Amino acid sequence: MISLNTRKIEDSILVKAARTPEGFFAVYFIISEMIIALARFDNSAAFIANKIFMAVFIGYLVGVIFSLLPVIVSKILSILFTILFSLYLMVQVIYSSVFKNFWSFSATGGVADQALDFKRTILIAIKREIIPTLLILLLCIAVIICIVKWIDFSIHKWEMYFVSVFAVSVIVIYYINLLSIQGEEKNSPFDLLKNYSSIDMSIKKLGIIETMFRDGVYLAFEKSNTVSGKADTAFEAEKPKKEMQGSDANEKDVDKAVNNTVDSKTNDSDKNIDDSKDSSDKPARQLNVAQKPDYNLGKISDLTTNESVVELTEYINTVQPTYTNEYTGMFEGYNLIFIVAEAFDGYVLDRNLTPDLYKMCHEGFYFSNFYTPLWYGSTLGGEYADLTGLIPKGSGYLSMQKVGEQQNSMPFCLGNELADKGYKVYAYHNNEYDYYDRDLSREYIGYENYMGVGNGLEYEEEPYGGIMWPQSDLFMEQNTFAKYSGSEPFHVYYLTVSGHLNYNFGGNAMSEKNRDYVEDLNYSETTKAYIACQIEFEKMIEALNDDLEKKGIADKTLIVICGDHVPYDDMIIPSELAGRELDSFEEYKNSLIIYSASMEKSVKVDKPCYTPDILPTVLNLMGLEYDSRMLVGRDIMSDDPGLVIFPDSSFITDDYRYNAITGELSGSGSRSVSDNELETQRSVVSNRFRMSDAICELDYYSYVEKLMKGH
């Protein structure tokens, strides 16, 4: 009898607690976290405690705020909040289903445009995500009913607020301790709590509730920060390297068998560089560091008192530069055509279907281990990595837009480098010229002469008069080649759109146009439609090669082709094209094409490499001067060890692959990877994220330009 009465009392206390706004919203947020976790992450249990604690904490705070207001006001605001929060959850489920990353308040200008442009894709995603969408909707209805009929919004006695503050304090202390034991490296839960660096990692490791409020705070208080503000420059200690100063250092005698193959199996972080030894019997290779009079990064402290700028400079001064190599200046003075191809995936290359692309891939520089990670902002993030040699920011803003908004100096971008050499520089895009605010950023990455649809180029129309979507890359080449081909030396940047989703034969103009080429292939309709889109890009490349030959300049032109991202909305495509199910790393394996008709033989490159490596590699091949310490990417042809970094801090080295979410090591074979080696590599990865973000946020290159000009 006593036991039964005790149970009734406990039930009564629990019910009363649940009926308070604090308790109710804590429970509501926990359930919401579970829906998102189950909808998005197979390993949702890995960070479940983090998400529950944060849901309770924020739910408690929200409830306390509502409990301080008059009852009728509290109920109205609670219902409004519930509706808006439910819409937010639905947007995240649907958006992440399409773009494979999450939506951010603070990047609304670019990302919302992106979502609105994909109406058909979004409808398909809603159907695909019908279960979590319905769960969110049903939960919303249940919560509103509880708000109206069940929750006690009466103002508490002050003792209850004292208890609430005490309870929340205990939760916060326990929560911080919980996060600290999970590590403090970049994109660890503890780091994400301190620094809003990745919306995807924040949702994955801390939860949707924490991320929503953090994103809102960033939008309200931090987004307007200018270059005079702060940046995350908490760089981690890496394995000591000899600091390189000046530009006349010689590398110690390192014999390598090249045999037309660039491979990296030695770790340069373990290699001592003797800059006092003068190898007079061999031509000295120079550091890829700017060769300007009085160029000394230490002088940046004379230009600013900003601590973040100074700390970033101190870190950059510890970075080992790359050296020039036998491929340095191989294409010096050549025309350069650089193409970022929409959703280009190397698995699509085929001798018969894409003969020009196949030939260029295998008869130029053949990169067997190149990767195209899916960066935040999809196309704009991929474009930023391809063109700047930096990693795009993972949250808060889109890096390329930030460059335009802040009018950042970007001296190492190809447009600026080649314009300084007297090249005529052009850029073209066969979609709206101001999409993603590209009209604002193009000038600062070197393309003042930029044309898209609306400021010089026109849409191609369907035979019946409607606008074709997506647009034809071939049509763009046909309408632009004459604009630049007579003004050598020239540099042209193309951003294509023919490979754009959706991949089907009922609305994609490029798929429909090239359907006959793929009709009999043994693939799904989706994959056949994707191939048909890329055939239109193949036609552009075929026309471009023909035009260069007719003009007599093919053997004096270097062509670089890379993707902005893989076909992320239909990841069945890469696996079908590869003929096997790909793992989470292989899905992002791709092809980088660097080719000139003047090449007499191909060069095979086995080193792991990725999109930020493109810029320094092309700068080196073109014989252009740059400071290799200031780019996250590294010249692929250099002696530097291979490193591929993914947005979640996973990475691939010459010897192994590391999954940052699961902590799993793979691909090392019989070689044992020590804890110290792994920790060092994780620090390198962490620092490259921080360096990229800080360079953009602080407009760091503006200080560098002043030094290069002797100020």
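**Close-up views of a predicted model**

**View 1. Welcome to the whole chain.** The chain holds 26 helices and 16 strands; helices here are DSSP runs of H or I with at least four residues, strands are runs of E with at least two, and both are numbered from the N terminus. This is a predicted model, in which local features need pLDDT of at least 70 and side-chain atom pairs count only at pLDDT 80 or more, while totals for chains, interfaces and linings use all residues. Residues are numbered from 1 along each chain as its sequence is written, and side-chain values use heavy atoms, leaving out hydrogens and water. Of the 711 residues in the chain, 58% are buried, where buried means under 20% relative accessible area, exposed over 50%, and partly exposed in between (1.4 Å probe, protein chains only). Among contacts between residues at least 6 apart in sequence, 77% join residues at least 24 apart, a contact being heavy atoms within 4.5 Å.

**View 2. Helices α4 and α7 pack together.** Helix α4 (residues 71-99) and helix α7 (residues 130-149) meet at an angle of about 175 degrees, with their axes 10 Å apart. That angle makes α4 roughly antiparallel to α7. Axes are lines fitted to C-alpha atoms, for helices over the stretch in contact, and angles between N-to-C directions run from 0 to 180 degrees. Angles under 35 degrees count as roughly parallel, over 145 as roughly antiparallel, 65 to 115 as roughly perpendicular, and the rest as oblique. Residues of α4 in this contact include Ile79, Ile83, Ser86 and Met90, and those of α7 include Ile136, Cys140 and Ile144. By class, the contact of α4 with α7 has 14 nonpolar, four polar and one charged residues; Ala, Val, Leu, Ile, Met, Phe, Trp, Tyr, Cys and Pro count as nonpolar, Asp, Glu, Lys and Arg as charged, and the others, Gly among them, as polar. Look for Ser86 in helix α4: at 3% relative accessibility, Ser86 counts as buried. Apart from neighbours within four places in sequence, Ser86 touches Tyr28, Ile136 and Cys140.

**View 3. Helix α2 also packs against α7.** The axes of helix α2 (residues 21-40) and α7 come within 10 Å and cross at roughly 175 degrees. The two helices are therefore roughly antiparallel to each other. Phe24, Tyr28, Ile31, Ser32, Ile35 and Ala39 of α2 make the contact with Pro132, Leu135, Ile136, Leu139, Val143 and Cys146 of α7. By class, this contact of α2 with α7 has 11 nonpolar, one polar and no charged residues.

**View 4. Inside the nonpolar core.** The largest nonpolar core has 184 residues, of which Phe29, Ile337, Phe365, Phe367, Tyr484, Tyr700 and Tyr701 touch the most other members. Such a core is a set of buried Ala, Val, Leu, Ile, Met, Phe, Trp, Tyr and Cys residues joined through side-chain atoms within 4.5 Å. Helix α22 (residues 525-551) gives the most to this core, with 11 residues. Leaving aside neighbours within four places in sequence, Phe367 is in contact with Leu592, Ile594, Val605, Cys609, Ile636 and Met637. A second, separate core has five residues, among them Phe47, Leu192, Leu206 and Ile661.

View 5. All eight residues of helix α24 (residues 614-621) are buried, including Ile614, Pro616 and Leu619. Just after α24, Gly623 takes a positive phi of about 70 degrees. Leu631 sits in the loop between α24 and β13 (643-645), and at 2% relative accessibility this residue counts as buried. Beyond four places in sequence, the contacts of Leu631 include Leu615, Pro616 and Leu619, along with Phe412 and Tyr701. Leu631 and Ile316 are 315 residues apart in sequence but 9.5 Å apart in space, C-alpha to C-alpha.

**View 6. Backbone details in the loops.** Most residues other than glycine have a negative phi, and most peptide bonds are trans. The peptide bond from Glu488 to Pro489 is cis, with omega near -10 degrees, and Pro489 lies in the loop between α19 (481-484) and β7 (490-495). Another cis peptide bond joins Leu501 and Asn502, with omega about 5 degrees. Tyr436 has a positive phi of about 60 degrees although it is not a glycine, and with a relative accessible area of 3% Tyr436 is buried.
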